[in-house]
Each structure stands twice: as structure tokens, then as C-alpha cells.
Amino acid sequence: MIEVFSNGRKFTGWTDARIVRSLDHIAATFSLSLVARNAEGERVRLFPGDSVEVAVNGTKVISGFVDSLSSSFSAGSHSIGVSGSECSADIADCCIESPLEWENKKMDEIVRIICAGFGLTFSNVMGVDVGQPFKKFSVEPGSKALDTISKLCKERGILCCSNGLGKLFLLKPDSCPRGPALEQGVNLMSADVDFSLVERFSSYTVYGTGKAKKKVVAMSSDADVARNRPLIIVDSNAVEKDKVQARADWECKVRKAKSMGFRASVSGWEHDGGIWEPGVICSFLAPELFVEFPLDLLVSSVEYSWG
């Protein structure tokens, strides 16, 4: 069951529902359709700007706001559509006001300061190693908050994610918890895959600015790309060898992972350990998709749908 709580009321009876949580997007989203009046004949009132909480089978998965409302009627029906996003959407849409420069701050300290400016909480609950403090990190006026956070994360090979309830945290893909296995003929209802080399390169060379304006260079290679496809990146904020190397490794690993896009459908929104969530590693076996031996995959996105 999908329930929406807003303005002291509970809304159910959706004719169509779609809720998405993804590691690729800092804010979870929802899209819902229902008849314009509830079982008691009261008009459903959910307007842009209203705060909402969305629950799936009794588990709260989104805390956010209504972004848009559409309403239509005909001779025999009257329906409305409501869509919205998690409260963390503000850091994706909006710019940093101040400060625009930090000195001797660790990555997680900078992220915490940025989040606080939007009323969001941040904690490194997984204990991800964020490395040494930045001697100096700056952004241009007009820089989006999320773009700045993403830039910080790339330099450390880390992901910044949200739990759906507006609380941000750091994630290192190789330290994610394990989830249930997904296997053709057992619990996979359907699945498909796309393989692509379009955004992959044979080598990733990152140039950072070291002391006295000397260039610091690091490279990471992708042995699966046979052709000569070099990519060169200039990162003016990376001044130390380990940070430059982390950026090169991040580009290689993330692009390789995204070149294999698996999508799977399972029955129900829950498994034995609870509700399906992004950020877990699952063993995947599907011979029809050329995966003939168990392959560990990171669940990057989850969609709860109805109707």
C-alpha cells in the first residue's frame, strides 16, 4: 500500500503511483494519480509547496514537498495528478550563497556546511574515509550546491546520497551492505540489460595543480577498451598525488559500472530483510542476459510502482 500524509490527513486509493529512489539523483521523486474525492466525498487537496510524507507498506520512503498538481474532469470522471520530490531537491536546484571558499576543511565538513544552508542534515554514518583536509577549495559565484558536492566526491572516489528523508550521507560502492540474490527462474519476473562503450575510455589522465603551479598527474586504465580512447581531465582543486589518483580511478570505475545497465522486476516491494532500497550489492544470475555466473551488482535505483 502507498500512503501519503499531508496537512494532517492521510491519502490512499491511488489509481496509479510511481516512486523512485536513485543513487544517481540526490532527491527521491513521486508521481501519483487518484480520483478527485475520497471515499467520504471530500475533495482531495494537495497543492504545490505542501509538505508530504510518502510510505510504502508502512515504511516511510520520502519526506518532501509537492512540486506540481494537475486536475481534469469529463462527463463521467474527475481525477488529479500529484508529483513531488524529497526535500533534498533544493540542493540540486539552487546555488550556494556563502561561503564560496574553504580552507583546511575536510570534505565531509564542507558538505555539512553546504547542507546546513538548506536545512538538511548530513552525517558520515558509514565511516567513509574522506582523506586529508583541503588546503583550499573554492567555487565560482552561481555554482549549484549539488555540483559542488559532486565535485568534492569525485576527488575522493565517493558518492553522496540521500536516504529519501532528506538526510545525506557518504557511500563508497565497495563497502555497501549485501542484499538478497536475484536469479532468473527464482525471483526475477523480468529483466533486461544494455551494454555500451560510448562513455568508456582506454585511459583516464587527470592533471592537478601541485605546489608552485607544478602539474600533478595520475592515470587509470580500462583494459576492456581495446582501442586508443584517451580522456584527459584538468582538476584545479586537486593538488596532491593521492587526490589526483583517486579522481582518475573514480572516472574509470564509475564509467565501467554504468556501461552495464541492468533492470530487473521482482514481485512485491519487500524482501525478507525489508523494503527494497538502493545502495545494496546483490548477486545477479540471468543466463538469458549473458550472465551465466553470479555477478555482484550495486542496486543504484529502485522504483515502487502501482497501476
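Guide: Let us start with a term: a salt bridge is a side-chain nitrogen of Lys or Arg within 4 Å of a carboxyl oxygen of Asp or Glu. The structure here is a predicted model, in which local features need pLDDT of at least 70 and side-chain atom pairs count only at pLDDT 80 or more, while totals for chains, interfaces and linings use all residues. Residues are numbered from 1 along each chain as its sequence is written, and side-chain values use heavy atoms, leaving out hydrogens and water.

Visitor: Thanks! How many salt bridges does the structure hold?

Guide: There are 16 salt bridges. One of them brings together the side chains of Arg 255 and Glu 199, at 3.4 Å from N to O. Arg 255 belongs to helix H4 (residues 241-258) and Glu 199 to the loop between E14 and strand E15 (203-209), so this pair ties together parts that lie 56 residues apart in sequence. Glu 199 and Arg 255 also belong to one network with Asp 235, Arg 247 and Glu 251, joined by salt bridges that share partners.

Visitor: Where do labels such as H and E come from?

Guide: Helices (H or I, at least four residues) and strands (E, at least two) are DSSP runs, numbered from the N terminus. In this protein chain you can look for four helices and 23 strands.

Visitor: Which residue forms a salt bridge with Glu 277?

Guide: The partner of Glu 277 is Arg 21, and the closest N and O atoms are 3.1 Å apart. This pair links distant parts of the chain: Glu 277 sits in the loop between E20 and E21, Arg 21 in strand E3 (residues 16-22), and 256 residues separate them.

Visitor: Is Arg 21 buried or exposed?

Guide: We read that from relative accessible area: buried means under 20%, exposed over 50%, and partly exposed in between (1.4 Å probe, protein chains only). Arg 21 counts as buried because its relative accessibility is 7%. Glu 277, at 36%, counts as partly exposed.

Visitor: What does Arg 263 pair with?

Guide: Arg 263 forms a salt bridge with Asp 192, with the closest N and O atoms 2.4 Å apart. Here too distant parts of the chain are linked: Arg 263 is in strand E18 (residues 260-265) and Asp 192 in strand E14, 71 residues away. Arg 263 counts as partly exposed because its relative accessibility is 38%, and Asp 192 is partly exposed at 34%.

Visitor: What does Val 280 touch?

Guide: Not counting residues up to four places away in sequence, Val 280 touches Pro 177, Gly 179, Leu 297, Leu 298 and Val 299. You will find Val 280 in the loop between strand E20 (274-275) and strand E21 (281-286), and it counts as buried at 17% relative accessibility. Its C-alpha is 5.6 Å from that of Cys 176, although the two are 104 residues apart in sequence. Across the protein chain, among contacts between residues at least 6 apart in sequence, 66% join residues at least 24 apart.

Visitor: Which residues form a nonpolar patch on the surface?

Guide: Patches are made of residues with over 30% relative accessible area and no salt bridge; like charges are joined within 9 Å, nonpolar side chains (Val, Leu, Ile, Met, Phe, Trp, Tyr) within 5 Å. Accessible areas come from the Shrake-Rupley method with a 1.4 Å probe, and for residues only the protein chains shown count as cover. In this structure, Phe 195, Met 260 and Phe 290 form a nonpolar patch with about 350 Å² of accessible area together. Phe 195 is in strand E14 (residues 190-195) and is partly exposed at 48%, whereas Phe 290 is exposed at 68%.

Visitor: What is the phi of Phe 290?

Guide: Most residues other than glycine have a negative phi, and most peptide bonds are trans. Phe 290 has a positive phi of about 70° although it is not a glycine; look for it in the loop between E21 and strand E22 (291-298). Asn 104 also has a positive phi, of about 55°, and lies in the loop between E8 and helix H2 (107-116).

Visitor: Which residues does a cis peptide bond join?

Guide: The cis bond joins Ser 98 and Pro 99, with omega about -5°. Pro 99 is in the loop between helix H1 (89-93) and strand E8 (101-102).

Technical notes: Contact = heavy atoms within 4.5 Å.
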